Amino acid sequence: MSIINTAVPPFRAQAFHNGKFVEITDQSIRGKWSVFVFMPAAFTFNCPTEVEDAADSYHLFQSLGAEVYVVTTDTHFAHKVWHETSPAVKKAKFPLVGDPTHALARAFDVLIPEEGLALRGTFVVNPEGVVKTAEVHDNAIARDVKETLRKLQAAQYVARNPGQVCPAKWQEGAKALTPSLDLVGKI
């Protein structure tokens with residue numbers, strides 16, 4: 001069963017954020033857009049490159065009213081040390097969420113049980129806590145945050161414009177489509 005259009009289940013997790021340990025919950029994410037970025041583990045090779053990519057574009061997420069949550073199966077303590085020791089991760093101004101119990105990885109269906117690690121999963125969640133986009137792939141393939149930003153903008157657009165859809169390669173400011181019988185077979 002797909003996670004799309006389902007509510008994020010109740011959760012509590014500890015995160016390292018801006019020099020402090022903070023609690024993140026299903027309730028604390030409500031009221032704004034959220035982007036959950038699952039990674040297998042701290043101190044790996046591809047993960048810091050993805051954290052740095054997200055950090056370099058964090059101001060764009062913020063301008064869209066969205067918070068980014070990087071989640072690994074490590075603890076928030078490991079995330080503190082990761083932030084302190086990795087030049088790439090040090091750029092992160094968003095919460096680095098620990099999921100040592102794998103509750104979040106299970107909830108978002110990205111857990112690799114036999115490894116105790118998460119797959120690379122990216123999820124856009126609306127302010128009501130409902131998952132609107134999901135991307136999951138092999139851990140050897142890092143993501144490009146530009147596509148995540150595009151998906152966030154598309155999800156926000158269709159939320160503001162019920163009845164419209166964003167076509168392939170849609171970008172903010174581009175024309176959307178209004179599905180109708182008149183369009184069938186004409187695109």
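Strand S8 (residues 120-125) is mostly covered, with 6 of its 6 residues buried (buried means under 20% relative accessible area with a 1.4 Å probe, protein chains only). Strands are DSSP runs of E with at least two residues, helices runs of H or I with at least four, both numbered from the N terminus. The model is predicted: local features need pLDDT of at least 70, side-chain atom pairs count only at pLDDT 80 or more, and totals for chains, interfaces and linings use all residues. Residues are numbered from 1 along each chain as its sequence is written, and side-chain values use heavy atoms, with hydrogens and water left out.

Q: Which residues of S8 point the other way from Arg120, Thr122 and Val124?
A: In a regular strand the side chains alternate between the two faces of the sheet. Arg120, Thr122 and Val124 point one way from S8. On the other side, also buried, are Gly121, Phe123 and Val125.

Q: Which residue in S8 is the bridge partner of valine 35?
A: Strands pair if DSSP finds at least two bridges between them. S3 and S8 run antiparallel, joined by 5 bridges. The partner of valine 35 is valine 124.

Q: Which residue in S9 stands opposite threonine 122?
A: S8 also runs antiparallel to strand S9 (residues 131-137), with 6 bridges. Their hairpin has 5 residues between the strands, and glycine 129 there takes a positive phi near 85°. Opposite threonine 122 stands glutamate 135.

Q: Which element gives the most to the lining of the largest cavity?
A: A cavity is a set of points on a 1 Å grid over the protein atoms alone where a 1.4 Å probe fits but cannot get out, and lining residues have an atom within 4 Å of a point. The lining includes Val35, Glu50, Thr122 and Arg143. Strand S3 (33-38), helix H1 (46-56) and helix H5 (145-160) each supply at least two residues. The most, 3 residues, come from H1.

Q: How many residues of that lining are charged?
A: Asp, Glu, Lys and Arg count as charged. The lining holds 6 nonpolar and 2 polar residues. The charged ones number 4.

Q: Which members of the largest nonpolar core touch the most other members?
A: A nonpolar core is a set of buried Ala, Val, Leu, Ile, Met, Phe, Trp, Tyr and Cys residues joined through side-chain atoms within 4.5 Å. The largest has 24 residues. The members touching the most others are Val51, Val70 and Phe94.

Definitions and conventions. On a 1 Å grid over the protein atoms alone, a cavity is a set of points where a 1.4 Å probe fits but cannot get out, and a pocket is an open set with protein on both sides within 12 Å along at least five of seven lines; lining residues have an atom within 4 Å of a point. Buried means under 20% relative accessible area, exposed over 50%, partly exposed in between (1.4 Å probe, protein chains only).
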